[in-house]
Amino acid sequence: MRYAHYVSGAFRSDGDPFPVTDPTSGRSAGTAPAASEALVDSAVTAAREALHGPWGATGTEERARVLHRIADGIEARFAEFAEAEAADTGRPREFAETVDVPRAIRNFRAYADLLTGRPERAYTTPATGGGSGDGGVLNYAVRRPLGVVAVIAPWNLPLLLMSWKVAPALAAGNAVVAKPSEETPGTATLLAEVVDAAGLPPGVFNLVHGHGQGGAGEFLTSHPGVDGIAFTGASATGTAIMRAAADHLTPVSFELGGKNAALVFADADLDAAVAGTARSSFTHSGQICLCTERVYVQRPVFEEFVAALGRKAAALGGYGPMISAAHRSKVLSYYRLAVEEGATVVSGGGVPRFGDGRDEGFYVEPTVLTGLPQTARTVREEIFGPVCHVAPFDTEEEAVRLANDSPYGLAATVWTKDLSRAHRVAPRVEAGVVWVNCWNVRDLRTPFGGVKASGIGREGGEHSLDFFSEPVNVCVGI
Ligand code: NAD
Ligand code: 6OD
């Protein structure tokens, strides 16, 4: 696979090579070039220059056409994107074909469509005799792009999450310097090829590869020429980026970690709750920030739920690996810690044996745990693997308290047939997204983000366009 930087409209492969590994086999997938500080600086300079060129004068209709051309370009190379995303992450190709690539296309189309329908507001204010014109004043707001924005993406949904930020950043008229995770440089390079073919002026979209701390990520987030940082990744990385951004008061939008709760009430459709929780805990081997790692089940159905979820976990097949050997070690260390903390392992807890090349890959078993107190590290810390802990509760009040007893607040799921209960409980849960009797579906115009250690700001629809632009109030004496 080709891994290249894209700076000022040119592909380059300068920089120390770093290894890329196929997580399904543990074998080398090649090397990618790490951008030097000088190269990151060139990318930021190219982006700044692009804002002073024709891109800075484009109207919303032209930008909408550009976004559709990028979406068309991904669509035309659908199979290549699916293959590259599966190779980058080790996930089953079908997942890339049904989730990642279609969603990347939708991300660009959704922002193209939103752009042209965006209202601006105007107000007239009567004369006050305090220095305004005789006829009062007319106020209207125009939106101005932030300028040069850094987009930093993680490895778990590389294409989906990068396009989710690049699309609104371009829609709002910014110039972008993007950095994918060092674990997954493949689809980002393909995206740069599509942007190149879409005919954007040089410097409007730039891509640099490399590591975070001490590498391209840090060079970018500490760069004084960056006017905004949109980051998805771990909460601890968010803290480091915020420190770097503080020096230049650079605005940030953060989508961070989670330790998401599911609340299963005794009145729920139990089959749906079990199937839904298996999906929310084990999809993409638990490597989606929205995955459930804490399940609270009302006592009358607790035993039945645990047994059924354990059976589902044991029967799962065709799942993908952890992204890396290091991440697998981390997940397995939590499997061991859970036992040391006194957990009962209902299902899984180890490394699967396939009897083929996957045995050299980074797989772990889908795992269901019970029996831990709320204070256990396994219940409090984000593991980011295919694992959940199930605990009982008695009352609605207790369920809400347990869900909220976490440093994180990204997403939650409520399973109940009682609509009044659903509407009572959902707004009391401290999370940015609460699903009721479903998981991980939503309209792309709705707000997306987390509270507490799970993020700062909201993405989605107008929310992303708001982050990537600033309103200017123009006040005209009339
Ligand atoms: P990570 O924070 O280690 O890395 C994410 C990106 O940040 C990578 O591109 C990395 O190179 C870069 N980076 C790392 N340190 C940096 C630094 N000091 N300065 C600048 N850039 C730096 O996260 P990850 O391991 O790639 O992804 C997993 C984490 O992401 C999990 O915690 C998961 O919950 C979170 N996540 C959150 C969301 C969300 O929407 N809230 C979505 C996906 C993943
Ligand atoms: O669906 C999305 O828009 C989104 N940002 C999902 C994030 C998933 C985290 O892994």
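This tour visits the two ligand sites of a predicted model.

**Stop 1: ligand 1**

Select ligand 1. It sits in the largest pocket. Now show the shell around ligand 1, which holds 32 residues. Trp155, Glu182, Thr237, Leu256 and Glu382 come nearest.

Colour that shell by residue class. For ligand 1, it splits into 15 nonpolar, twelve polar and five charged residues.

Three elements each supply at least two residues to the shell around ligand 1: helix 7 (216-221), strand 10 (228-232) and helix 8 (235-246).

Then pick out some polar contacts.

- Select Lys179: an N or O atom in its side chain is 2.8 Å from an oxygen atom of ligand 1.
- Select Gly212: here a polar backbone atom is 3.3 Å from an oxygen atom of ligand 1.
- Select Leu256: a polar backbone atom lies 2.6 Å from a nitrogen atom of ligand 1.

How much of ligand 1 does the protein bury? Taken alone, ligand 1 exposes 850 Å², and the protein buries 90% of that.

Zoom out and colour by domain. Domain 1 covers 5-256 + 454-477, and domain 2 covers 260-443. Ligand 1 lies between them, because both domains give residues to its shell.

**Stop 2: ligand 2**

Move on to ligand 2. The space it takes is the second largest pocket.

- Arg103 places a polar side-chain atom 2.7 Å from an oxygen atom of ligand 2.
- Asn156 also has a polar side-chain atom 2.7 Å from an oxygen atom of ligand 2.
- Cys289 makes its approach through the backbone: an N or O atom there lies 2.8 Å from an oxygen atom of ligand 2.

On its own, ligand 2 has 310 Å² of accessible area, and the protein covers 97% of it.

Why does ligand 2 lie between domain 1 and domain 2? Keep the domain colours on.

How values were computed
Residues are numbered from 1 along each chain as its sequence is written. Chains are lettered from A and ligands numbered from 1 in the order in which they are written. This is a predicted model: local features need pLDDT of at least 70, side-chain atom pairs count only at pLDDT 80 or more; totals for chains, interfaces and linings use all residues. Side-chain values use heavy atoms; hydrogens and water are left out. A polar contact is a pair of N or O atoms within 3.5 Å; within protein, one must be able to donate a hydrogen and the other to accept it, and residues adjacent in sequence count only if both atoms are side-chain atoms. Accessible areas come from the Shrake-Rupley method with a 1.4 Å probe; for residues, only the protein chains shown count as cover. On a 1 Å grid over the protein atoms alone, a cavity is a set of points where a 1.4 Å probe fits but cannot get out, and a pocket is an open set with protein on both sides within 12 Å along at least five of seven lines; lining residues have an atom within 4 Å of a point. A molecule sits in a cavity or pocket if more than half of its atoms lie within 2 Å of its grid points. A residue is near a molecule or strand if one of its heavy atoms lies within 4 Å of it. Helices (H or I, at least four residues) and strands (E, at least two) are DSSP runs, numbered from the N terminus. Ala, Val, Leu, Ile, Met, Phe, Trp, Tyr, Cys and Pro count as nonpolar, Asp, Glu, Lys and Arg as charged, and the others, Gly among them, as polar. Domain bounds come from an automatic or database domain assignment.
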